[in-house]
Amino acid sequence: MRAMVLEEQPGRLALRDLPVPEPGPGQVLMRVSTCGVCRTDLHIVDGELTKPGLPLVPGHQIVGTVEEFGPGTGAGDSGRRFAKGDRIGVPWLGWTDGHCHFCRQGRENLCENARFTGYDIDGGYAEYAVADERFCFPLPGEIDDEHVAPLLCAGMIGYRALTIAGDGERLGLYGFGSSAHILCQIAASEGRRVFAFTRPGDLDGQAFARSLGAEWAGGSDEQPPEPLDAAIVFAPVGSLMVDALKVSDRGARIVSAGIHMSDIPSFPYELLWEERSLHSVANLTRQDGTELLELAARHQVEPMVETMPLEDANTALDAIRSGASEGSTVLSV
Ligand SMILES: [Zn+2]
Ligand SMILES: [Zn+2]
């Protein structure tokens, strides 16, 4: 099968001809249709996340159809989750041990032994992939393969960040890329007031944010017309956490949605005073994923997608690195 493979860090992906993987215990084999490109893939390729299983097929927003079953699938009381030919989605959270301190509390996103798709387990930048059936999602029929792919990470982890941000009315989004442009649609549909912050001077990005329901859009160096009750920082830039605090109201929650971020500069305690808080978001639970897919279908969320052939994965990553990519990028396999 054709696959884009990372062989060393930092590196470029190389087109390779690999054997079709065999589904292991509890896994399904899927024929990949599309795979979303995430900033985390860029952090892996660039060596900012340091422990991938090399050589690695990246990609953790995989859409495809079930082809075969490994041993032990359907061992649970309810039988196999999927039938041959079913359309499924595979997210970042690929496996958990189910018994560590965090799993037992229902916080599987923090599992001490979790394995991640496109990092510990080969992902979807390939014609075929295997995945543990318990961590795959059935996909809503209303959304096609290209548009559903970005929901599997940009949407799901963004949604987890949104729930941690709480239900404050005035929500700031810092860094208006793949995740923010999905979250903006959901938050606006739910009656939140969205304030979008782009790179200073990115007037196109600001117009894009307003077209998706943001009440106000400006540069990250600008003061919004009102203080924020919550903010989610998608750009991997630590100083934005402090910028968000500076324009926040009492009790505001500032959430970093990324897996990697540059250092957060020190700041005076008075910025945090009055019960403001800083949070991070790690991974997702299966419950987050199910809720997000349901919300996206109900609100008819439509990611703006640029589709490229699998072989152009390096070009897609370069576009995220340079900030040229607006909306989401999806590889068509
Ligand atoms: Zn665990
Ligand atoms: Zn991701």
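Analyst: Let's start with helix α7 (residues 239–246), where Leu240, Met241, Asp243, Ala244 and Leu245 are buried. Buried means that 20 or more other C-beta atoms, placed from the backbone, lie within 10 Å of the residue's own; with 12 or fewer a residue is exposed, and in between it's partly exposed. These buried residues of α7 pack against β10, β13, β14 and β15. One heads-up: this is a predicted model, so local features need pLDDT of at least 70 and side-chain atom pairs count only at pLDDT 80 or more, while totals for chains, interfaces and linings use all residues. Residues are numbered from 1 along each chain as its sequence is written, and chains are lettered from A and ligands numbered from 1 in the order in which they are written.

User: Why is Asn283 called buried?

Analyst: Asn283 has 21 C-beta neighbours inside 10 Å, so it counts as buried. You'll find Asn283 in the loop between β15 and α8. Its phi is positive, about 60°, although Asn283 is not a glycine.

User: And what makes Gln300 exposed?

Analyst: Gln300 has 10 C-beta neighbours inside 10 Å, so it counts as exposed. Gln300 sits in the loop between α8 and β16 (305–309). Its phi is positive too, near 50°, in a residue other than glycine.

User: Why is Leu18 called partly exposed?

Analyst: Leu18 has 15 other C-beta atoms within 10 Å, so it's partly exposed. Leu18 belongs to the loop between β2 (14–17) and β3 (27–37). Setting aside neighbours within four places in sequence, Leu18 is in contact with Met1, Ala3 and Ala126; contact means C-beta atoms, placed from the backbone, within 7 Å.

User: How do you know that Glu48 is partly exposed?

Analyst: Glu48 has 16 other C-beta atoms within 10 Å, so it gets the partly exposed label. Glu48 is in the loop between α1 and β4 (62–69). Not counting residues up to four places away in sequence, Glu48 touches His43 and His260.

User: What makes β10 to β15 members of one sheet?

Analyst: Pairing does: the six strands form an open sheet in the order β12-β11-β10-β13-β14-β15, with parallel pairing. Two strands pair if DSSP finds at least two bridges between them, and strands (E, at least two residues) and helices (H or I, at least four) are DSSP runs numbered from the N terminus. Check a couple of pairs: five bridges join β13 (residues 228–233) to β14 (residues 248–256), and four join β10 to β13.

User: Why are β12 and β15 called edge strands?

Analyst: Because β12 (216–219) and β15 (277–280) each pair on one side only.

User: What makes β13 "mostly covered"?

Analyst: Six of the six residues of β13 are buried. Helix α4 (residues 154–164) lies across β13, β14 and β15, running at about 155° to β14. Helix α5 (residues 178–189) packs on the sheet too, touching β10 (170–174), β11 (193–198) and β13.

User: Why are α4 and α8 called roughly perpendicular?

Analyst: α4 and helix α8 (residues 286–298) pack at about 105°, with axes 9 Å apart. Angles run from 0 to 180 degrees between N-to-C directions of axes fitted to C-alpha atoms, for helices over the stretch in contact. Under 35 degrees is roughly parallel, over 145 roughly antiparallel, 65 to 115 roughly perpendicular, and the rest oblique. So α4 and α8 are roughly perpendicular to each other. Among the residues making the contact are Tyr159 and Arg160 of α4 and Leu292 and Ala296 of α8.

User: How do you know where domain 1 and domain 2 are?

Analyst: The bounds come from an automatic or database domain assignment: domain 1 is 2–152 + 301–332 and domain 2 is 156–280. Their C-alpha centres lie 27 Å apart, and 17 residues of domain 1 are in contact with 13 residues of domain 2. On the domain 1 side, the largest share, three residues, comes from helix α1 (residues 39–45).

Definitions and conventions:
Two residues are in contact if their C-beta atoms, placed from the backbone, lie within 7 Å.
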